[in-house]
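This briefing is for a reader new to the structure shown below.

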Amino acid sequence: MTRSWRRPLLAAALSLTAGVAGLVVSTPAQAGLPQTWSFSVVGEPGDPITAGNSYSYSSSNPTPGDEMNAWGDTNQQFFGMEFWSSADNFWHLTLQAPTGEKLKPGDTYQNVGQPYSDAAGMNLDNAGWGRSCSQSIGSFTVVDVAWGPYGYLERFDATFDYRCEGATGGSHGEIHIGNPPPVPALDATVTVNPTATVDNKGIATVRGTLTCTRAETLSVDGRLSQQQKKAGLVQAWYSTSVPCTPGQEVPWSASTYPADLHFERGTAQAVTEVPIRDFVYWQEFTVTDTSTITLTR
C-alpha cells in the first residue's frame, strides 16, 4: 500500500466529484481562528512600528471587528499571526527557528530579525498604519508550544523584543494562542482480498477492508485488469463508498461496471485507491493498493 500526494487518477476517470478543487500539500498549515488569544505590544519613544504607543488585545475582552488568525507549519519551525482591529488596523508577527530546528518551549533566539532565510528570524509590522521596516533586530522566547498534525497549534506562548534598524526606540510584546486538542489526521489503510468473484455475465466483484483514523465516509475506487487469450487486455472500474469507523476493519465490496468485454476466471490485477481529503488540516493525498488477485465463480 502506498500514499501519493496527488489528485486520484481513478476518481477522475470515474468522473467523481473532487470535493474542493485546489487542495494542495503545502508547508504552512491553514490559518485558523484560535479559540483563545491575546496579543500585546509596548512601544518606546522613537519606535516607528508603535509610534511609542502601547496596544493590547484579548479574546476575553474583544472589541467589534477584532479578528485573530494564527498558524504553524508542518516542520514545527514557524509561527505566524495576523490580527485585524477596527481601531488599530492590521498587525502581523512571524517567528521562525533556523532551518532544521523546531520551535520548542524554552527556546530563545537573540539578535534575529528580517530578512532571513536559513537562520532564525522574526518580523513585526502594523500594516494598517503603514508602519514597518525592511531591516530589524530583536529576540524572542518560546514560553510554551504544543503542536498537532500538520503544524496545528494547540498552544503557543512567546515573548519578543523588536527594533528597527537605526531607530532610537524599540518595542516588546507577548503572544498567547490556545486551541482545543487536535483531532487525529485523516488517514486510511485499504486491503484487497486475494480472491474475487466473477459471475456468468463477466462482472467481477472485488472485496477487502478499510481502516480509518477518524470517522469518515470514504470512497474506494479501483481498476481491474485481466489479460485474456482471446480478448486481450480487459479493464473495468469499480467504486463504492465506505462509512469508516476509527480503528476497525470495515469490509467493503465493489463490482465492475458492465462492458462489452467481460472478465473470466483466472488471475487479474487490482489497483485500488482511497482519496483522502482532510478538511480539518487541509491535506489531500491518495492511499493506493496494487494486488494480484484470483477471480473465481
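Cysteine 212 and cysteine 244 form a disulfide, with their sulfur atoms 2.0 Å apart; a disulfide here is a pair of cysteine sulfur atoms within 2.5 Å. The model is predicted, so local features need pLDDT of at least 70 and side-chain atom pairs count only at pLDDT 80 or more, while totals for chains, interfaces and linings use all residues. Residues are numbered from 1 along each chain as its sequence is written, and side-chain values use heavy atoms, with hydrogens and water left out.

**Disulfides**

- The structure holds 2 disulfides.
- The link of cysteine 212 and cysteine 244 is right-handed, with 100 degrees about the S-S bond.
- This pair links distant parts of the chain, 32 residues apart: cysteine 212 is in strand S14 (residues 204-212) and cysteine 244 is in strand S16 (residues 232-244). Strands are DSSP runs (E, at least two residues) and helices are DSSP runs too (H or I, at least four), numbered from the N terminus.
- Cysteine 212 and cysteine 244 are buried. Buried means under 20% relative accessible area, exposed means over 50%, and partly exposed lies in between (1.4 Å probe, protein chains only).
- A disulfide also joins cysteine 133 to cysteine 164, with an S to S distance of 2.2 Å.
- The torsion about the S-S bond of cysteine 133 and cysteine 164 is about -80 degrees, so this disulfide is left-handed.
- The pair links distant parts of the chain, with cysteine 133 in the loop between strand S8 (121-126) and strand S9 (136-147), and cysteine 164 in strand S10 (residues 153-164), 31 residues apart.
- Cysteine 133 and cysteine 164 are both buried.
- With bonded cysteines counted along the chain, the disulfides follow the pattern 1-2, 3-4.

**Strand S13 and its partners**

- S13 runs parallel to strand S19 (residues 283-296), and 3 bridges join them. Two strands pair if DSSP finds at least two bridges between them.
- Threonine 195 of this strand stands opposite threonine 294 in S19.
- S13 and S14 run antiparallel and are joined by 2 bridges.
- The bridge partner of valine 198 in S14 is alanine 204.
- The hairpin of S13 and S14 has 5 residues between the strands, and there glycine 202 takes a positive phi near 85 degrees.

**Strand S15 and its partners**

- Strand S15 (residues 216-228) is joined to S16 by 13 bridges, and the two run antiparallel.
- Threonine 217 stands opposite proline 243 in S16.
- S15 and S16 form a hairpin, with 3 residues between them.
- S15 also pairs with strand S18 (residues 266-278), in the antiparallel sense and over 5 bridges.
- Arginine 223 stands opposite valine 271 in S18.

**Aromatic pairs**

- The structure holds 13 aromatic pairs. Rings of Phe, Tyr and Trp (its six-membered ring) pair if their centres lie within 6.5 Å; planes under 30 degrees apart count as stacked, over 60 as edge-to-face and the rest as tilted.
- Phenylalanine 39 and tryptophan 91 form an edge-to-face pair, at 5.8 Å centre to centre and 65 degrees between the planes.
- This pair links distant parts of the chain: phenylalanine 39 is in strand S2 and tryptophan 91 is in strand S6 (residues 89-96), 52 residues apart.
- Phenylalanine 39 and tryptophan 91 are both buried.
- The rings of tyrosine 57 and phenylalanine 83 have centres 4.4 Å apart and planes at 40 degrees, so the pair is tilted.
- Tyrosine 57 in strand S3 and phenylalanine 83 in strand S5 (residues 78-85) are 26 residues apart, and the pair links distant parts of the chain.
- Tyrosine 57 is buried, with a relative accessible area of 6%, and phenylalanine 83 counts as buried at 0% relative accessibility.
- One aromatic cluster is formed by Trp37, Phe39, Tyr55, Tyr57, Phe83, Trp91 and Phe160.

- Alanine 51 has a phi near 55 degrees, a positive value in a residue other than glycine.
- Alanine 51 is in the loop between strand S2 (36-43) and strand S3 (54-58), and counts as partly exposed at 43% relative accessibility.
- Asparagine 111 is not a glycine, yet has a positive phi of about 55 degrees.
- Asparagine 111 lies in strand S7 (residues 108-112) and counts as exposed at 64% relative accessibility.
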